[in-house]
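Subject: Structure handover

Hi,

Here is the structure I promised to pass on to you. Have a look at it first, and my notes on what turned up follow below.

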Amino acid sequence: MLDINLIRENPDLVKDNIKKKFQDKKLPLVDEVIALDKKKRELQSEGDMRRAQRNSLAKDIGTLMREGKKDEAEKAKLLSKENNERIAQIEAESEEVEKQLKTRMMSIPNIIADDVPLGKDDSFNVEAKTFLGKHEKDFEVPYHLDILESLNGIDLDAARRTSGNGFYYLTGDVARLHSAILSYARDFMIDKGFTYCIPPYMIRSNVVSGVMSFEEMDGMMYKIEGEDLYLIGTSEHSMIGRFMGEVLPESSLPQTLTSYSPCFRKEKGAHGLEERGIYRIHQFEKQEMIVLCKPEESDYWYEKLWNYTVELFVSMQIPVRQLICCSGDLADLKYKSCDVEAWSPRQKKYFEVGSCSNLTDAQARRLGIRYKNTATGKNEFVHTLNNTVVAPPRMLIAFLENHLQADGSVFIPEVLRPYMGGKDKIVPKK
RNA sequence: GCAGAGAUGGCGGAGUGGUCGAACGCGCACGACUCGAAAUCGUGUUACGGGCAACUGUACGGGGGUUCGAAUCCCUCUCUCUGCGCCA
């Protein structure tokens, strides 16, 4: 959600931004918002005046009653009643105007950064940097599911029976590897000075609507029957919601947090679930990083965050690249975003393993997360950022493909061995 | 889950129908004193919105109601505390 003052004072900037995102259908919203905002202020003016009158009449009545002037008091009561009827009208009208204003405000996208490449869909995303090159294997790399099965590491049949498509059982060394990666990632971020946090895995609807758009909510979130609770799609939801309505002391910024949670997603819509494999599933686990900072620091943290993910993958010897998200592929709340993608030696291409975003004040405005700016003495909105540290089991695909050896075993990089009981490889079943 | 008590500014805490945006204390900011600091004294200090301004509105956990008028009365939801019950 944008600042109404920005739309009022600089509508052309907002419109240009909509065009840059190839959402021309939304262009009329800007003028509608300006008109509704004007109407809202008019209603407020009259309402304020009427309410001022109500207050002073009420005060008078109090005085008259005390002085025993009953007749005059009754007269004033009648006057007040009339006034109150008009107030009720105005309030009903205001409510309607505000509702319309809000739905429009909510669908006007956040202003994007100047350096976001323009393009209408993900085919215009831009590769910025690659790390560790591209592993070439001198043997054919099988589909990840076949690798998992050769290691006795997965049971999809049972998962379909218990839970349906989109779920999995990981077993044995593979399950241990999954946990090892998460534990290593957690410690990696703690070493970077982040605070580890385990958040609630369910959140209320008001938090949900604060952290995402309605469309996202509908396509992603599982609702708990009979309760106002949703399963989180990522720990970002409960981590950002944690600060809802707060005014943080300036000295507490930046908040640099790393959180673990399972993530639940319907994955309703365009892509659907893959029939085979664990690329897109209803339940996975993720280590996340979250930053709340002062506005002038969010660009700095954005660069820092995605580089942490790269550093983590490089330390596990998995080649990655940074893919910059173009204007049309950027979600409406985001100022800037990039994906960290891992190299697949089987497909000979990169695929997404993490996503880093700077939302500037868009989330903070919706959720009312502010800080006291000691220089100005004002409460101002913070900036929020989030980034994937690592999300197995998807990351496991990259891991298995890159570390598979010709003999069918899977190499464990040095950094993970302490979490794997010292093992340096996983060997296939006989 | 049941019963009782409660939710007020950055914090603690008064206030039970009108003079309350809210006593008092802490904290914070500024000033005085000091070589400097502590202590002390003084002044200021809720937030958000409308208006060029004068000024004005809203908010005492959330929502709804009663009333000319609600922090205060009623309903409801959420949360906290105490006791009982249940349980990793």
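Let me start with a charge over a ring: lysine 223 lies over the face of tyrosine 230, 5.2 Å from the ring centre. Please keep in mind that this is a predicted model. A second case involves arginine 186, which lies over the face of tyrosine 196 at 5.8 Å from the ring centre.

Three strands form an open sheet in the order 5-7-6, with antiparallel pairing. Strand 5 (202–203) and strand 6 (222–223) are at the edges with a single partner strand each, so one side of each has no neighbour in the sheet. Two bridges join strand 6 to strand 7 (residues 230–231) in the antiparallel sense. Tyrosine 222 has leucine 231 in strand 7 as its bridge partner.

Next, the aromatic rings. The structure holds seven aromatic pairs. One of them is phenylalanine 194 with tyrosine 308, edge-to-face at 5.8 Å centre to centre and 85 degrees between the planes. Phenylalanine 194 sits in the loop between helix 7 (172–191) and strand 4 (195–197), while tyrosine 308 belongs to helix 11 (residues 298–315), so this pair ties together parts 114 residues apart in sequence. Both phenylalanine 194 and tyrosine 308 are buried. Tyrosine 300 and tryptophan 301 also make an edge-to-face pair, because their ring centres are 5.4 Å apart and their planes stand at 80 degrees. Tyrosine 300 is partly exposed, with a relative accessible area of 48%, whereas tryptophan 301 is buried at 10%. Phe194, Tyr300, Trp301 and Tyr308 form one aromatic cluster.

Some individual contacts to look at:

- Arginine 8: a polar side-chain atom is 3.5 Å from a phosphate oxygen of RNA strand B.
- Glutamine 44: a polar side-chain atom is 3.4 Å from a sugar or linking oxygen of RNA strand B.
- Asparagine 84: a side-chain N or O atom is 3.1 Å from a sugar or linking oxygen of RNA strand B.

Best wishes

Technical notes:
Residues are numbered from 1 along each chain as its sequence is written. Chains are lettered from A and ligands numbered from 1 in the order in which they are written. This is a predicted model: local features need pLDDT of at least 70, side-chain atom pairs count only at pLDDT 80 or more; totals for chains, interfaces and linings use all residues. Side-chain values use heavy atoms; hydrogens and water are left out. A polar contact is a pair of N or O atoms within 3.5 Å; within protein, one must be able to donate a hydrogen and the other to accept it, and residues adjacent in sequence count only if both atoms are side-chain atoms. Two strands pair if DSSP finds at least two bridges between them. Helices (H or I, at least four residues) and strands (E, at least two) are DSSP runs, numbered from the N terminus. Rings of Phe, Tyr and Trp (its six-membered ring) pair if their centres lie within 6.5 Å; planes under 30 degrees apart count as stacked, over 60 as edge-to-face and the rest as tilted. Buried means under 20% relative accessible area, exposed over 50%, partly exposed in between (1.4 Å probe, protein chains only). A charge sits over a ring if NZ of Lys or CZ of Arg is within 6 Å of the ring centre and within 35 degrees of the ring normal.
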